[in-house]
Amino acid sequence: MLEQDIERVLFTEQELKDRVAELAAQIDRDYAGKEPMLISVLRGSFIFMADLARAIHLPCTVDFMAVSSYGSGTTSSGQVKITKDLSESIEGRDIIVVEDILDSGNTLSYLFRLLQARHPASVRLCTLLDKPSRRTKPITADYTGFSVDDLFVVGYGLDYAEKYRNLPYIGVLKPAVYEKG
């Protein structure tokens with residue numbers, strides 16, 4: 001069972017649901033009269049984006065990118081690569097990049113430069129979790145679910161070695177799990 005690897009629950013299923021609803025309400029206000037495109041940064045944000053999209057009451061579209069600087073480790077490699085690009089043009093569109101966690105900012109800094117070069121009307125960032133203590137690039141989120149300390153967290157889409165994404169809450173992974181990996 002995955003639960004045996006969790007040191008403690010950081011955010012419960014209900015806390016996540018409530019915060020997603022609050023973020024969606026803010027997006028509804030900020031984008032009134034517009035039709036934003038939500039871009040999920042795969043794989044970690046797919047659950048968050050699905051819940052967020054369902055909670056937004058405006059017309060919106062979705063697309064997906066896979067961008068990574070981690071590989072299978074626990075810290076950023078510093079090398080960013082796109083493994084899946086967008087399916088449609090974003091030129092002239094209002095874009096909300098939906099991310100699971102803003103950590104070093106390396107991946108998102110690269111991604112924002114890439115997206116800006118495609119001439120959207122606007123680009124904003126909505127992240128479920130923000131770890132400001134780990135930031136190495138000057139990037140900030142426009143919408144933040146929760147600010148977290150420098151903990152290794154999993155669940156609700158976040159993983160370690162492709163496991164734990166399906167936990168309905170966000171928990172702190174026991175160090176023994178990733179230190180042996």
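This is a predicted model: local features need pLDDT of at least 70, side-chain atom pairs count only at pLDDT 80 or more; totals for chains, interfaces and linings use all residues.

Me: What does the radius of gyration say about the protein chain?

Reply: The value is set against what a compact globule of that length would have. For 181 residues that would be near 16 Å, and the protein chain has 16 Å, so the two agree. As for its extent, the C-alpha trace spans about 50 × 35 × 25 Å along the principal axes.

Me: What share of the residues counts as buried?

Reply: A residue is called buried when its relative accessible area is under 20%. In the protein chain, 45% of the 181 residues count as buried. The exposed surface comes to about 9,000 Å², with 49% of it supplied by carbon and sulfur atoms.

Me: How far apart in sequence are the residues that make contacts?

Reply: Take the contacts between residues at least 6 apart in sequence: 67% of these join residues at least 24 apart.

Me: And the charges: how far apart are the mean positions of the positive and negative ones?

Reply: There are 21 positive and 26 negative charges, and their mean positions lie 4 Å apart.

Me: Now the inside. Which residues have the most contacts within the largest nonpolar core?

Reply: The general idea is that nonpolar side chains in soluble globular proteins tend to be buried together. Here the largest nonpolar core has 27 residues, and those with the most contacts inside it are I27, F48, L52, C126, L128, L129 and I170. Two or more residues of this core come from each of α1 (13–30), α2 (46–55), β5 (94–102), β6 (122–130), β7 (143–147) and β9 (170–173). Helix α1 gives the largest share, five residues.

Me: Next, the backbone. Which peptide bond is cis, with omega near 5°?

Reply: The background is that most peptide bonds are trans, and that most residues other than glycine have a negative phi. The bond from L42 to R43 is cis, with omega near 5°. R43 sits in the loop between β2 (37–42) and α2.

Me: Which loop holds E162, and what is the phi of E162?

Reply: E162 is in the loop between β8 (153–154) and β9. Its phi is positive, about 70°, although E162 is not a glycine. Y164 also has a positive phi, about 80°, and is not a glycine either. Y164 lies in the loop between β8 and β9.

Me: Are E162 and Y164 buried or exposed?

Reply: E162 is partly exposed, with a relative accessible area of 45%. Y164 has 4% relative accessibility, so Y164 counts as buried.

Me: How far apart in space are E3 and Y164?

Reply: E3 and Y164 are 161 residues apart in sequence, while their C-alpha atoms are 8.7 Å apart. E3 belongs to the segment before β1 (6–11), and its relative accessible area of 42% makes E3 partly exposed. Beyond four places in sequence, E3 is in contact with L167 and Y169.

Me: Last, two aspartates. Where are D130 and D159?

Reply: D130 is in strand β6, and D159 is in the loop between β8 and β9. D130 is buried at 12% relative accessible area, whereas D159 is partly exposed at 24%.

Me: And what do D130 and D159 touch?

Reply: Not counting residues up to four places away in sequence, D130 touches L102, R135, T144, F146, S147 and V148. On that basis, D159 touches F152, V154 and R165.

Technical notes. Residues are numbered from 1 along each chain as its sequence is written. Side-chain values use heavy atoms; hydrogens and water are left out. The radius of gyration is taken over C-alpha atoms; the globule rule is 2.2 Å times the number of residues to the power 0.38. Buried means under 20% relative accessible area, exposed over 50%, partly exposed in between (1.4 Å probe, protein chains only). Contact means heavy atoms within 4.5 Å. Accessible areas come from the Shrake-Rupley method with a 1.4 Å probe; for residues, only the protein chains shown count as cover. Lys and Arg count as positive and Asp and Glu as negative; His and the chain ends are not counted. The place of a charge is taken as NZ of Lys, CZ of Arg, CG of Asp or CD of Glu. A nonpolar core is a set of buried Ala, Val, Leu, Ile, Met, Phe, Trp, Tyr and Cys residues joined through side-chain atoms within 4.5 Å. Helices (H or I, at least four residues) and strands (E, at least two) are DSSP runs, numbered from the N terminus.
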